[in-house]
Amino acid sequence: VYTIGFILPFFHAPMGYVVLDMEYLILDCNDTFRNIVQPIEPCKPKIDFRKFIEPASQDRFHFFWKELTDSGSAANIEINLLNLIGSPIVVQIHGVFRKEYSVERVLLALLDITEQYHARADLAASESKFNTLVTRMSQGLALHRIICNDKGVPVDYLFLDVNKTFETMTGLKHQEVVGKTVMEVYSDLDEIWLSQFGKVALTGVPVSFESYSTPLKKFFSVTAYQTRPGEFAVIVTDISARVKADELIAKKNAELALLNSEKDKLFSIIAHDLRSPFNNLLGMTNLLLDELHDMSVEEIRQTATMLQHSSSVLFRLIENLLQWARIQLGSLNVEPVETNLLPLVEESLLLVKEVAVKKKIEIQNNILEGIPLVADPNILQTVLRNLLFNAVKFTKKGGIVSVSAFIRDEHELVVKI
């Protein structure tokens, strides 16, 4: 009977040992091998070693065996075994071919690496998931190493890796930036980026901020954290669209606030400017109703004339207020035409005449007849009315409001109130 006395001292070793004849039959084995394959007695009667090899590994074991026996030396393989209860086992096998006299034998040393194999598989799966996450994440990711001067002050940083989104977001390709410093990539880097990243790489304190990138002409939300001393990762999100939307909202809010302010101003002007003409109109209509039966035809005619005049003044005032409102809302079309200044001033003076009379203010119209100009009559009257009302409003009782005009140069007419 063939024995392998040189293996006997290792029967309780942590590695499994088994001796096979050239028909794959087990001649001897140690306790560790028994524990690996878990049969009651794998060596008696002789058992074909191949029955422990799972079907998918049979071909690979066959090539391993052929290499081992043909070369007459040693070979290695990693295969899956099945124990007698069908549980899978991953083993590393180191095989040695021995021939003593006319007897040929194969010695196999088996190491159970099932746990390590699954650990490697789990790690590979985890790395695959991580790589998928990094590749498909919607944010740009870049890995860097900080570069300091001899005083330890950050002066640059090196690109170590970037993901696909970073390439798309910045237009910088992996092969173009990895291995280069940021100063080589951007000659006009914003100082805030280097300053913030230097602190992260050297102190380990993460940072988040939003900033405009001058080289890329985009707004970014940036988060940076230390991956190891002197190295850091940067996650960037392009927020240019959001910033533009915020700016548009702020602009619209400002426009809305202005419109509300102009609306309030319009209501204030309407309340101020229309009260007096309406009071006059209501006073004359009440007088007409109360005294009609005692009034002569001439008095009725005079009262009706005053009513018609007050109504005309009120109508023109409302027209001017509406014109002013359209100007404030930006919905007025300017239509300049050739016109004459004097009629426009005279019509505007009629609107403030009653207020001036009540304050005993003398109005002097010094506008000469026949002064031509090109302007939008409606807009010009709105301007004249506002100026005249303010002049009467801020002139003391018994004062004088004068209106004059002169041509300053060939294309400019100055109106003074």
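Analyst: Let's start with two words: a residue is buried when its relative accessible area is under 20%, and exposed when that area is over 50%. This is a predicted model, and in it the face of helix H2 turned away from its buried side carries the exposed residues Asp-59, Phe-63 and Asp-70.

User: Which residues of H2 are buried, then?

Analyst: They are Phe-61, Phe-64, Trp-65, Leu-68 and Thr-69. These residues cover an arc of only 120° around the axis, which puts them on the same side of H2.

User: What do the buried residues of H2 pack against?

Analyst: They pack against four strands: S1 (16–20), S3 (74–82), S4 (88–100) and S5 (103–112).

User: Why is Thr-114 called buried?

Analyst: Thr-114 has a relative accessible area of 16%. The cut-off for buried is under 20%, so Thr-114 qualifies. Thr-114 is found in helix H3, residues 114–136. Leaving aside neighbours within four places in sequence, Thr-114 is in contact with Pro-88, Ile-89 and Val-90.

User: What makes the pair Thr-114 and Asp-112 a polar contact?

Analyst: Their side chains are joined at 2.6 Å, and a polar contact needs N or O atoms within 3.5 Å, one able to donate a hydrogen and the other to accept it. A polar atom of the Thr-114 side chain also lies 2.9 Å from the backbone nitrogen of Val-90.

User: In what order do the strands of the sheet come?

Analyst: The open sheet has five strands in the order S2-S1-S5-S4-S3, with antiparallel pairing. Strand S2 (26–29) and S3 stand at the edges because each has a single partner strand, so one side of each is left without a neighbour in the sheet. The twist averages 30° from one strand to the next.

User: How do you know that S3 and S4 pair?

Analyst: Pairing needs at least two bridges, and nine bridges join S3 to S4, so they pair. The two strands run antiparallel, and Ala-75 stands opposite Gly-95 in S4. H2 packs on this sheet, and the direction of H2 makes about 155° with that of S3.

Technical notes:
Residues are numbered from 1 along each chain as its sequence is written. This is a predicted model: local features need pLDDT of at least 70, side-chain atom pairs count only at pLDDT 80 or more; totals for chains, interfaces and linings use all residues. Side-chain values use heavy atoms; hydrogens and water are left out. Buried means under 20% relative accessible area, exposed over 50%, partly exposed in between (1.4 Å probe, protein chains only). The arc is that of the directions from the helix axis to the C-beta atoms. Contact means heavy atoms within 4.5 Å. Axes are lines fitted to C-alpha atoms, for helices over the stretch in contact, and angles run from 0 to 180 degrees between N-to-C directions.
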